[in-house]
Structures are given as C-alpha cells and as structure tokens.
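My notes follow in the order in which I checked things.

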Amino acid sequence: MTEEMLVRQMKEGDKASFDLLYEKYKNMALRTAYLITGDRSYSEDVVQDTFVKVYLHCKELKNDSGFKAWMMQILVRTAYKCGRKKSRELPDDEVVQKADTGPNISLLEQVIMQEEAQAVAGAVKALPIKQRTVVVLFYYQGYQINEIAGILGCLEGTVKSRLYTARKQLRKALESDFGVTVSGVL
Amino acid sequence: MKRRDNWEDKIKDVLTLECDGLTASQDLKDRIDEKILTSQEAGNMKHLSAKKWIIGVVAGCLLISGGVFAAGRVVSTSGHSSSKDAVKSYSEMGKQEKKLGFAVDSVERFVNGYLFESAVVGDKQGKDQEGNQVYESKFMSISYARNAEPTVSLFIEKQMGDVTGLYSGDITRVCGDVTLYYSSATYKFVPADYELTQEDKVNQEKDNYFISYGSDKVEIQKNSNVSWVKDGIVYQLLGFDLNLTADEMFDMAEEIMGTK
C-alpha cells in the first residue's frame, strides 16, 4: 500500500493506517527531534505531541503526497517549543560514547577523530535553535533549501541566511575551539 | 593541524553518529495512543458544554468504588445527552423518569426563587485503558434558573456499588440518615489543543484550579456542589460561579429531599 493511500485512509479515521505511518517515520522523527532539542526525554515528548497532532489534525492535510513534509513541519514547531525550555548542553559522555570508529584506525587517529566529532557536535549544539534546525534539516535530513523553507514556513532567503550564519558560526567554533582549519564555500 | 576540505560532510557524519541507535520505544507509542484516545474523548464532548463535562466527571468520581471501578479498570468516563430530548415543563417529569428507569426526588420551584427550566436524560460510559467500554448507565440532568443568574443543575443517577465513606466535602450537614456534602473547586476551561502555561502548572500544583479540556474558549469558573445518596440514587446539585452559600445550597438539597 502506498503512503498516499495510508494517509487517505488515516484521514477517514483508520487508526491502523496511522500506526503504519508511525512505524515508518518514528525513528527518523525521534532522531530529528533529538538533534534539534539535544535532549532524549524532550525528543520523546516532541515525537509524542507530533504524532498526536498528526492523527487528530490529519484532515487538515490537503495534499496526501505531502505527508512527510507536513509531519516535519509539525515536528519542528513542536521541537521549537520544547527547545525553548531547555539547556542546549549535552553531557560530553554521550558524544564520546557515540564517536566510535572503524577497526582499521590507529588509537591516536581514533582519539583525534573522537575529539573532532565532539567539537563538531558541540558547535552544532551551541547554535541558536533556528540555525540548528536548518543545519539538521539540510545536513542530516538532506532537504533542499526550498523544502526547508516549506517546512519552516519561511522564505528561501531566510533559510539561506540561517544556513550561512550557521556555517560561519560552525567554522569559527571549529577553528577556535579545536584548531581545525576548515574550508569551503560559505 | 589537520586540514579537512570536507568539513560539511563531517557535520552530516557527526549528526548521524549523534543519534545513531536512537529508536522509539513501545512505551512512547502507548503514550501516543493514550493521548489520542483522551483527546478524542475531549473532542467528542464539544457538543456538550465544558460545564456539562465537569458534571459528568464529578459524577464519575462518585462512582469509583463499585464493580469495575474497584478493579481500577475505568480510566475515563464520558456522557452525552441531546437538548432536543429535553422537556421544558415540570409536568413532563414523569416522562423523563420513565426514560431513566426510576423515580427521583425533585422540585419545580425553590424557596429562593430558582425555577425548573428543563430536564434531560442522557447516557454515560466508562472506558478502560484500551478504550473499551466497560460501564454504561443513564443519568438525568435538571436545570433551574433564576433571573439572569448562573444555572443550577441537579444531576441524578443510580448508585454503583457501595459508595459509603467515599464522599468528602469541605462542609457537611446531616438530615436524618442522609449526609449532605458541600465542596467547591475552581476550573480553568480550555480548548482541547490548549498547552499549559507555566502559570497553569504552578496553579495546578497549588490546587488553585483544575484544567478542564474541551471548551471553545478559555475561562476560569468556580464550581460549587452539594451531593448526597438517598435510596440508592446519587444526587448532585451544582453550578458555576453561583451566588449561593453552602448553607443556601444545603437548604435547596433539603427541599429536594422533602425534609424542609
């Protein structure tokens, strides 16, 4: 069954279709919410509120094929609300624990890569939530500028501006905090 | 220093690594399903006023001792009635009692000027955690009006199980073998999708008011009610922002019981 059919059936009140859509997107939604809020418990709250809203307001979705973008729109707005409530700091051990590397890398290289990963993650987390959201949608989700503008309900120029500022901040943070020299087009 | 030309790729890698392995738990899905169920029930109650909903909730609390309630299975109660089934003349009360299935104590006019306005019989259900209906009963709601003042409602239904000792109130009055219990509480009525403010949370913690979802607009009102059980029937006389003291409401209850 296609996603459009599931959405149509969900709009007719079919809870089983909602359950299938939830199964498809639950982990992606949770991970995105986590990257935006920087907090596991908040990210669960965001996903919970997002999918409750999705089910209760699904009839408001006009284009059945645009489900994912619509759901992401709700998720981001919900995450914004949660994000305002919390500190953006993430305990270092969470980052270090995840910075696992492959088997063909020396211990020294592993340490360097872990520290680099930590620096990048820290720099992303230090961004203001609106910039961080654009970074997550652009780099992690792989959305295009126009798609992000649709999700955030803002102009493409605004997205470009936030992305530009975020890149600038990241570059500055990485160069000063870790001594990493970065290059590339801003 | 190590030079990296693909620093933007690094961002993607790090972000992926950051949340790798993070998966949604079954507990999260359970919470979503429960919240959907609760929200739907709140939404379904929109055809009733939020005040009627509170009336149902208050009545539901009185029934928590018996049968399925004692097992802790009922997690929510809801009720509905249709205004088109309401009678506007006190002479038609017999018709409503027949629908309800039993005779009730009531009056057409109170000494303090409140007059019979209408009476309606409705259905009430109790649901368990899975949303299955595990309880059903009928209730009668009688409205009394006095000039442009807030309406006083008399809510009546059969007692479920032994409710002795369950009642509590700020003030009591004993009338023969019946005890009347008076209590009051302030409610903030809000739309189903309302999100609690910091002030709401503080006020809830201090018991300054309770939140009631399902209203079209936000408003704060004080509920006053007197409840009693007589001949296996639960009575609740209540209203919002009433200009009545506890003693005046006790007097009205006694008029209903026929002891005054």
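I looked up K188(B) and found it opposite I220(B) in β9(B). Strand β7 (residues 178–190) of chain B is joined to strand β9 (residues 219–230) of chain B by nine bridges, and the two run antiparallel; I take strands as DSSP runs of E of at least two residues, and helices as runs of H or I of at least four, numbered from the N terminus, with strands pairing if DSSP finds at least two bridges between them.

I note that this is a predicted model, in which local features need pLDDT of at least 70 and side-chain atom pairs count only at pLDDT 80 or more, while totals for chains, interfaces and linings use all residues. Residues are numbered from 1 along each chain as its sequence is written, and chains are lettered from A and ligands numbered from 1 in the order in which they are written.

I then followed β9(B) to strand β10 (residues 233–240) of chain B, with which it pairs in the antiparallel sense over eight bridges. K230(B) has I233(B) in β10(B) as its bridge partner, and in this hairpin, with two residues between the strands, D231(B) takes a positive phi near 55°.

Last, I checked where the chains meet: R31(A), Y34(A) and L35(A) in α2(A) meet L15(B), E18(B) and C19(B) in α1(B), contact being C-beta atoms, placed from the backbone, within 7 Å.

Notes:
Contact = placed C-beta atoms within 7 Å.
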